[in-house]
Amino acid sequence: MLAQLLQFLFSGITVGATYALAALGFTLIYNASNVINFAQGEFIMLGGMLAVLFTQAGLPLPAALLLAVLVPAVVGVLIEKLAIEPVKGAETVTLIIITIGASLVIRGLVQVFLGKNTHSLPAFSGDTPIEILGATLMPQSLWVLGVTAVVVVVLWYFFNRTLTGKAMLATSFNRVAAELVGINTNGVLFMSFAMSAALGAMGGILITPITLTSYDVGIMLGLKGFVAAVLGGLGNGLGAVVGGLLVGVLEAMGAGYLSSAYKDAIPFALILFILFFMPRGLFGAKVTDRV
Amino acid sequence: MHKRAYTGLYIVIAVLAVLPFVLPNSFYVDLAIRMAINAIIVLGLNLLIGFAGQISLGHAGFLGIGAYASAVLPSHFGWNPVLAMLAGALATGALAALVARPIFKLKGNYLAMATLGLGIIINITVRNEAQWTGGPDGMPVPAFGLFGFELTSDKHWYWVVAALLTVSVWASLNLIDSPFGRALRALHGSEVASRVVGVDVVRYKVAIFVLSAVFASLMGSITAHYVGFVTPNLADFFHSIELVTMVVIGGMASVYGSLIGAVLLTALPQALATFEGWETVAFGAILMVCMIFLPKGLVPTLAAKFGKGD
């Protein structure tokens, strides 16, 4: 009983950490520009697929992983420079379609050049499971959780203790005011795309040894990341992390105890339920409109 | 404005009347039918997105409810197809109203999330309940009959769909010029201002959302009967996106833009089929380029350029 519960909890937190990283990506871009970046899931996919590609090409693991984070970051920056900055101030739905167009381009290119096959990546430190109270934990899960924890701490430090981070926060509060005090808000937008692409890619790389990857995994992972971001209250960094873990755990529990066929529906049912009763998510700020 | 709006309607009628006589073969008739069906759905969706300023990323889900009502109820329970179609529309309307009420107190991105979630849940349900729906493989749909007359040939379907499209365009034009339409445009312009002048914002948003969902459900039924087969792809996330894209590429808040958007995006996959393997890349790139250079959509941008209102 307890062992089973623990087992679901472990796998839930592991996947949830990936959702959390994706949700942080959504949050960063949303705060810098009010854009919901529907290409976020493709960064997760790119991270995993590129890590596979680079390791198979014979690069040593650390170099391969670094490249698999950097390349998506460059792709993110390209999207921002070529497709988002030129249409700043367009309607929400226009921006949504641009990011969806970008996600189709990325997915299509990966499909053309890397094929439709499913790939796996060897776990970073072996496959010997660790037994805890009758449940097993894969060493890779520790990697996922460890890296996510480090990322959260680094981000906290960045936003609270560095000038660039504070500039990004200021922009998210009030863009015009931020510009007035001399913050380069275009630079902030640029940074936020680079960072959220890198975050997504990290999640994608870390989870690949556990869940495998292929050119089309980005859609669902990205949408669930979006659910996590909304669940935590869109724009709230801490909320995004909590939302991600919560979505992961509830999905794993639902799949284990209720129905594995409806596993993918659980996050979406959850978000509908939450929006009904807590319309701004768990930690969303109360917003008043200025007329 | 009135006169010009109706000139457009006459052009639509003329094109629809001439089309079957100039189309070279049944491939093009089929394409024309699918364009017209999409155009009707997009007209409804544009009322929501373009006029009321709300986003739905789950409209294919509503389409799916209609389609599967028309497939499942007659095949498994022997329902009359007309009854099944109405039942689907009714269920869709009820579901949309149920979801919309709390959601419409929120803004843009939350509604996008809620509709997206709803659409995905509908799709997953259809895929999983294989004993009723045939699962991922889909299921056949019985022919559509009314008063002992069965719709079978493409030509018959063409005239039915063309008539529906004409009525829909006419109804949309009238709706926009009605007090209801003015209220919608007002709340797109400024919610607070419209509330000040006495517009019940939430009620109007819910009404237009339900209306566009019912449009989609009815056309889902029509699609199911016309094609004679339904698969879950009809109700998937990508199809929802396609529908929204038709609205935006044609032009938000433009009746004729909806038609242009539906025609172009229904034809596009056919045109791209020659790109073997590169279809997805090309489709995505075209979406991006259109939106970057014509962020307001084709018809409004061109209309502004040549100095005519729509």
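Where is the place of B:Val199? I found B:Val199 in the loop between α9 (191–196) and α10 of chain B. Helices here are DSSP runs of H or I with at least four residues, and strands are runs of E with at least two, numbered from the N terminus.

I am working on a predicted model, in which local features need pLDDT of at least 70, side-chain atom pairs count only at pLDDT 80 or more, and totals for chains, interfaces and linings use all residues. Residues are numbered from 1 along each chain as its sequence is written, while chains are lettered from A and ligands numbered from 1 in the order in which they are written.

**B:Val199.** I counted 18 C-beta neighbours inside 10 Å, so B:Val199 is partly exposed. The cut-offs are 20 or more other C-beta atoms within 10 Å for buried, 12 or fewer for exposed, and partly exposed in between, with C-beta atoms placed from the backbone. Leaving aside residues up to four places away in sequence, B:Val199 touches B:Ala183, B:Ala186, B:Leu187, B:Ser194 and B:Tyr204. Contact means C-beta atoms, placed from the backbone, within 7 Å. B:Val199 and B:Ala186 are 13 residues apart in sequence, and their C-alpha atoms are 8.5 Å apart in space.

**α2(B) and α10(B).** I looked up the packing of helix α2 (residues 26–51) of chain B on helix α10 (residues 201–227) of chain B: the angle is about 170 degrees and the axes are 7 Å apart. Axes are lines fitted to C-alpha atoms, for helices over the stretch in contact, and angles run from 0 to 180 degrees between N-to-C directions. The angle makes α2(B) roughly antiparallel to α10(B); that label applies over 145 degrees. On the α2(B) side the contact residues include B:Ile33, B:Gly44 and B:Leu48, and on the α10(B) side they include B:Phe209, B:Ser212 and B:Tyr226. I sorted the residues of this contact into 15 nonpolar, three polar and no charged. Nonpolar covers Ala, Val, Leu, Ile, Met, Phe, Trp, Tyr, Cys and Pro; charged covers Asp, Glu, Lys and Arg; the others, Gly among them, are polar.

**Chain B against chain A.** I found 36 residues of chain B in contact with 37 residues of chain A. On the chain B side, α4 (81–103), α5 (108–128), α11 (237–250) and α13 (279–293) each supply at least two residues. The largest share, 13 residues, comes from α5(B). This side of chain B has 27 nonpolar residues, eight polar and one charged.

**Positive phi.** Most residues other than glycine have a negative phi. I noted A:Asn34, with a positive phi near 65 degrees, in the loop between α1 (2–33) and α2 (40–56) of chain A. A:Asn34 is partly exposed, with 16 C-beta neighbours inside 10 Å. I also noted B:Ala253, where phi is positive at about 60 degrees. B:Ala253 sits in the loop between α11 and α12 (255–272) of chain B and is buried, having 23 other C-beta atoms within 10 Å.

**α4(A).** I checked the length of helix α4 (residues 92–114) of chain A: at 1.5 Å a residue its 23 residues should span 33 Å, and the end C-alpha atoms are 33 Å apart, which agrees. The expected span is 1.5 Å times one less than the number of residues. In α4(A), 17 of the 23 residues are buried. A:Gly115 follows α4(A) and has a positive phi near 85 degrees.

Technical notes: Contact = placed C-beta atoms within 7 Å. Parallel < 35°, antiparallel > 145°, perpendicular 65-115°, else oblique.
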